[in-house]
Amino acid sequence: MTEFDLEKKKLQETTELIKKILETKKQELENLYNNFIGEREELWRRASEQEIHIKNIETAVDKPYFARIDFQFDGREKIDTIYIGRHGISDGSEIVVTDWRAPISSLYYDSEVGPCSFEAPKEKITGNMSLKRQFEIEDGQLLRYFDVDLVTNDALLQKYLNSNNDTRLKSIVSTIQREQNDVIRKKMYDNLIVQGVAGSGKTTVALHRIAYLVYNYMKSIHQNQYLVIGPNPVFIKYVENVLPDLDVAGVTQCTFEEFAQKYINENLEIISSEKKATNNIAKKLPNDVAKFKSSLRYKAMVDQFLSVFIKSITINDLKLDDFTIVSHDIIETIFNKIDKQYSLNIIIEQTINLLIKYIENNMDYILSEYNDYSFELFKNVLDENEKNKLRNKFAKDREEIKKGCKNTIRKYFNKTKIEVTKLYKLFISTIENYDLFNYNNLKALKKETLANIKTQKYEFEDLAALLYIKYKIAPNQFYKEIRHTVIDEAQDLGEFNFFVLKKCLPSSTFSIFGDLAQSIYDYRGIDNWNVVNTVMFNNDADIIYFDKSYRTTAEIMETADDIAESIGLSRSNLVVRHGADVNITHIEDTNSIPSFILNKIQEYKEKGYKTIAVISKTNLLSQYINDDLAELGLIVPNVKLSDDLTDEKFNVCTISNQLAKGLEFDAVIINNASED
């Protein structure tokens with residue numbers, strides 16, 4: 001029997017065993033529903049886990065594994081044959097397929113045949129790998145296999161890269177490269193920043209890292225304690241399909257804007273960045289207000305404002321009508337004793353408790369003073385009805401004092417329960433008082449921001465300040481539970497955004513992915529990862545560089561590198577495949593551009609390309625070319641923020657540069673490109 005026949009036999013045996021395991025798991029689920037005694041929530045939780053497990057096993061029937069390694073542990077005579085798949089499968093007593101996220105599976109991605117080692121949870125395991133094999137399996141049938149040394153430049157990777165895309169981002173568990181695997185398997189507690197060229201797999205690695213962490217920390221961290229922040233809703237919908245395929249279901253995915261809305265929990269209408277981005281492209285931004293609002297200088301001004309606001313809290317005496325219970329200087333002394341590392345709401349609560357104790361400790365003196373005060377009021381009143389009213393009032397006041405003046409104290413501090421948006425409006429209205437930097441465009445900043453606030457609208461660049469005020473006043477307790485956050489396309493966030501994310505997610509570590517060469521919103525974004533490292537991690541994060549492009553051909557990267565180099569950025573490294581040259585067509589009559597694009601789309605369709613995008617600088621230009629194509633008989637969607645590109649109707653589309661961020665297409669036509 002040939003080696004191929006042996007592998008074919010092994011696949012059939014594994015498939016049959018998985019089918020038996022599947023039936024057992026389905027029966028267990030049915031028994032759970034029929035015989036469960038207990039809380040409904042517990043039934044739902046256990047049934048949901050079992051249903052996910054069943055779904056994973058069903059997926060594995062057609063393709064149970066993609067690789068095999070033969071490994072001999074040091075000190076053992078036996079060589080273990082380990083089959084690696086997208087999901088780990090066990091029959092209860094024996095592992096049938098090893099999960100790609102298991103520690104031993106790292107040998108497949110990282111090690112060459114020969115002596116090698118891997119990190120187990122408690123120790124480093126050494127041994128010898130005598131075989132590394134990749135399988136191509138479709139519909140339960142073994143098509144071929146490849147014996148390889150490293151998972152790079154091999155037939156399986158080339159086949160994956162050269163396949164035409166559908167509209168979904170794919171899992172890459174069978175083709176993860178060594179440098180990608182190193183990032184994916186970093187420990188939960190490692191903060192890292194990945195600078196990656198276009199096509200280096202940043203987004204896919206980011207999602208696989210979440211899947212890896214979920215698997216390896218499942219006993220201590222729940223899936224809802226992870227967070228993914230992406231650049232726009234189109235991108236979020238595009239990538240969210242990958243996580244269920246990777247056995248991840250409960251991770252929250254949102255944009256920075258959505259995060260801000262949920263964290264602040266007020267009615268925030270956020271103005272689209274489209275107009276500002278368009279003006280930036282056309283070099284028509286009137287000032288640098290957006291950049292200033294995204295800087296830590298703006299944060300320093302907010303700090304100054306909050307300092308003044310907090311001092312104003314204790315400026316008045318605590319009174320019952322005209323009677324002073326506690327003077328403002330005593331309140332201020334108590335208030336200032338509390339550690340200022342706490343948020344204002346906690347400081348207030350501690351101050352309230354200490355004030356109540358202060359009154360209780362000085363009860364006799366305060367009551368004596370109140371008796372003198374009330375007697376002076378009472379002795380000058382002659383009308384009997386007025387006297388009765390005063391008697392009732394004095395009785396209530398004495399009762400309030402005997403209770404530590406709890407109600408009066410809480411009313412005193414009610415002014416601190418102000419909405420974040422109102423506090424921000426107060427800051428902007430008085431911003432001249434906090435101009436620490438003699439900022440040239442302060443008047444423009446104030447005028448623009450107040451005009452928006454009057455219509456209850458805010459720009460993206462206001463969100464960091466709003467989040468920061470919320471964090472300082474009354475942080476959202478839910479987000480204290482987040483343990484790890486992945487930020488993708490991070491180059492378009494400003495330093496204030498990064499700073500406030502670290503504050504709002506105090507228990508979280510971070511994996512940050514981006515490419516400085518792909519900044520769409522450079523008028524507000526960062527231009528140096530060292531700044532992020534300093535602002536968030538005190539320079540304690542690893543900055544890792546992905547300079548190898550897998551998705552993109554050498555010919556495309558050559559053109560991209562020429563452009564990157566012309567604006568002072570570095571060239572990418574080796575790419576692993578070749579394709580057609582980039583075709584730059586000069587068209588004299590711009591009116592003929594739509595018909596040229598129409599013919600190109602038809603040509604690409606005939607070549608078998610599944611996903612084709614016509615990309616324009618702005619959404620307005622994208623809509624124009626879409627209308628022009630419609631007049632020529634080609635009806636395709638123009639992508640909007642709310643669209644889901646996983647729908648097949650978007651296989652051919654027009655799209656703006658901003659919304660195309662991070663997406664993949666088989667063929668791209670850049671509409672009306674110019675020297676600018």
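What share of the 676 residues of the chain counts as buried? The answer is 49%, where buried means under 20% relative accessible area, exposed over 50%, and partly exposed in between (1.4 Å probe, protein chains only).

## About the model

This is a predicted model, where local features need pLDDT of at least 70, side-chain atom pairs count only at pLDDT 80 or more, and totals for chains, interfaces and linings use all residues. Residues are numbered from 1 along each chain as its sequence is written, and side-chain values use heavy atoms, with hydrogens and water left out.

## The whole chain

Let's start with the big picture. The chain has 25 helices and 20 strands; helices (H or I, at least four residues) and strands (E, at least two) are DSSP runs, numbered from the N terminus. Its C-alpha atoms fill a box of roughly 115 × 70 × 45 Å along the principal axes.

Now for contacts, meaning heavy atoms within 4.5 Å. Of those in the chain with a separation of 6 or more, 72% are between residues 24 or more positions apart.

Look for Ile 584 in the loop between α23 (554-566) and α24 (593-606). Is this residue buried or exposed? Ile 584 is exposed, because its relative accessible area is 73%.

Next, find Lys 600, which sits in helix α24. With a relative accessible area of 14%, Lys 600 counts as buried. Beyond its neighbours within four places in sequence, Lys 600 is in contact with Asn 583 and Ile 669.
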